[in-house]
Amino acid sequence: MSTGTTDAATSLTTLAEDEQLIRASVREFALARVRPLVREMDEHARIPRELIDGLFDLGVMGIEIPETFGGSGARFFHAVLAVEELSRVDPSIGVLVDVQNTLVINAILRWGSADLKARLLPGLASKRVGAYALSEAASGSDAFALQTRAREAGGGWVLNGRKLWITNAYEADLFIVFATVNPDAGYKGITAFIIERGTPGFTVGRKEDKLGIRASSTCELVLENCEVTAANVLGEIGKGYKVAIETLNEGRIGIGAQMVGLAKGALEHAAAYTKERKQFGKAIADFQGVQFQLARAATDIEAARLLVYNAARLRDAGQPFLTEAAMGKLFSSEVAERVASLAVNLLGGNGFVKDYPVEKLYRDAKIGQIYEGTSNLQLQTIAKQILG
Ligand SMILES: Cc1cc2nc3c(=O)[nH]c(=O)nc-3n(C[C@H](O)[C@H](O)[C@H](O)COP(=O)(O)OP(=O)(O)OC[C@H]3O[C@@H](n4cnc5c(N)ncnc54)[C@H](O)[C@@H]3O)c2cc1C
């Protein structure tokens, strides 16, 4: 894959050849393999394993993993394109791929020892799903108030506590779990651990019954005297807050991409429907009132995409991107909700029923303003930048 950067003279949305290729292949997969399953996955709240295997075969479950470890050896921007294209068809599949790449693999690539990389990356590139467990019942926005405790014992660590809201947990084999080694040290006690499914004392608990992204699993994790070896500490003891902050800063660009894809999907459904549906003797798309609503939605989506692509390209170029990522997630999640809502309106009664895809996209849109930092938390990040 090319390591290409954008030419300063071209638009942020102009794609290099390798970027066009990944977008086209993911689009093809999304239409052929994901689209036929969308309604069933939403109803049954699960993703079939064959579809996950298909995502591995497509190469989108290990986008930034070097080819030497069996990955695609591509860039973060490619992950953003993959998440966007999948979310255009089903945001649940978008977030599965997003968490795998922008949180789990990203953290291991940046903070993993040579031993952890050699042990974990080939599996993550070929068949193993990852999950990222920071949140707890009493610590969401205030994530570093977490209470899961790690005690040193026999050269390793023993973890006790519970994690809540963990995406991919039902399917995952491998979990990045944040715990504190010293509650008195505040955020400086937080440490990241790798826990593999099957480790004694580790259980994946109840699956949440959700409003949207229903196919994406969200589960509780229970740790009861769960023994973790010293070799499975990710990064340094007491530096887990850095692992969390830095990966979430990048992860939220992926959520921005999920929301851009969702909005684009909703607009496409609305545009197609309004060209077909006739009222007052003509297609409703012939009414200027409808055209202007579609035009405003398209403008919103383009603005959201520019913010998200800008943050992703800055990240790949090694430039600061914190504020841009927060703006991208904040704005694109609002756009997704607005555009999905418009799509419901423009489909009339059909927008309100499950025979058409837009009511699901409307439900799915809501999560963009909640996970990986609520909108208020994004505003806080942006305000800090303004006020110093
Ligand atoms: C479907 C789903 C998937 C998720 N996946 C994961 C995952 O994979 N891993 C993981 O670790 N977590 C995950 N989460 C958790 C998610 O990140 C949290 O729900 C989120 O950070 C908000 O935390 P909370 O739910 O405790 O809300 P709270 O923090 O209690 O927030 C409630 C409200 O208060 C507001 N608020 C809080 N503090 C402030 C403040 N200082 N200023 C202004 N307003 C404030 C918030 O904006 C929000 O509107 C997931 C959640 C969901 C619903």
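Helices here are DSSP runs of H or I with at least four residues, strands are E runs of at least two, and both are numbered from the N terminus. Keep in mind that this is a predicted model, where local features need pLDDT of at least 70, side-chain atom pairs count only at pLDDT 80 or more, and totals for chains, interfaces and linings use all residues. Residues are numbered from 1 along each chain as its sequence is written, and side-chain values use heavy atoms, with hydrogens and water left out.

**The whole chain**

By that count, the chain has eleven helices and ten strands. Its radius of gyration is 21 Å, which agrees with the value near 21 Å for a compact globule of 388 residues; the radius is taken over C-alpha atoms, and the globule rule is 2.2 Å times the number of residues to the power 0.38. Along the principal axes, the C-alpha atoms fill a box of roughly 80 × 45 × 45 Å.

As for burial, 54% of the 388 residues count as buried (buried is under 20% relative accessible area, exposed is over 50%, partly exposed is in between, with a 1.4 Å probe and protein chains only). Among contacts (heavy atoms within 4.5 Å) with a separation of 6 or more, 75% join residues 24 or more positions apart. The chain exposes about 16500 Å², with carbon and sulfur atoms supplying 53% of it; these areas come from the Shrake-Rupley method with a 1.4 Å probe, and for residues only the protein chains shown count as cover.

Helix 10 is largely enclosed by the rest of the structure, because seven of its eight residues are buried.

Go on to the loop between helix 10 (358–365) and helix 11 (375–387) and you'll find Glu 372. Glu 372 counts as buried, at 13% relative accessibility. Its phi is positive, about 55°, although it is not a glycine. Most residues other than glycine have a negative phi. Trp 165, in strand 3 (residues 156–167), also has a positive phi, near 70°.

**A tyrosine pair**

The whole structure holds seven aromatic pairs. Rings of Phe, Tyr and Trp (its six-membered ring) pair if their centres lie within 6.5 Å; planes under 30 degrees apart are stacked, over 60 edge-to-face and the rest tilted. Tyr 187 and Tyr 241 make an edge-to-face pair, 4.7 Å centre to centre with 80° between the planes. Tyr 187 lies in the loop between strand 4 (174–180) and strand 5 (190–196) and Tyr 241 in helix 7 (residues 240–276), so the pair ties together parts that are 54 residues apart in sequence.

**Two lysines**

Lys 242 sits in helix 7, while Lys 282 belongs to strand 10 (residues 282–283). Leaving aside neighbours within four places in sequence, Lys 282 is in contact with Arg 277 and Phe 287.

| Residue | Relative accessible area | Class |
|---|---|---|
| Tyr 187 | 40% | partly exposed |
| Tyr 241 | 15% | buried |
| Lys 242 | 32% | partly exposed |
| Lys 282 | 36% | partly exposed |
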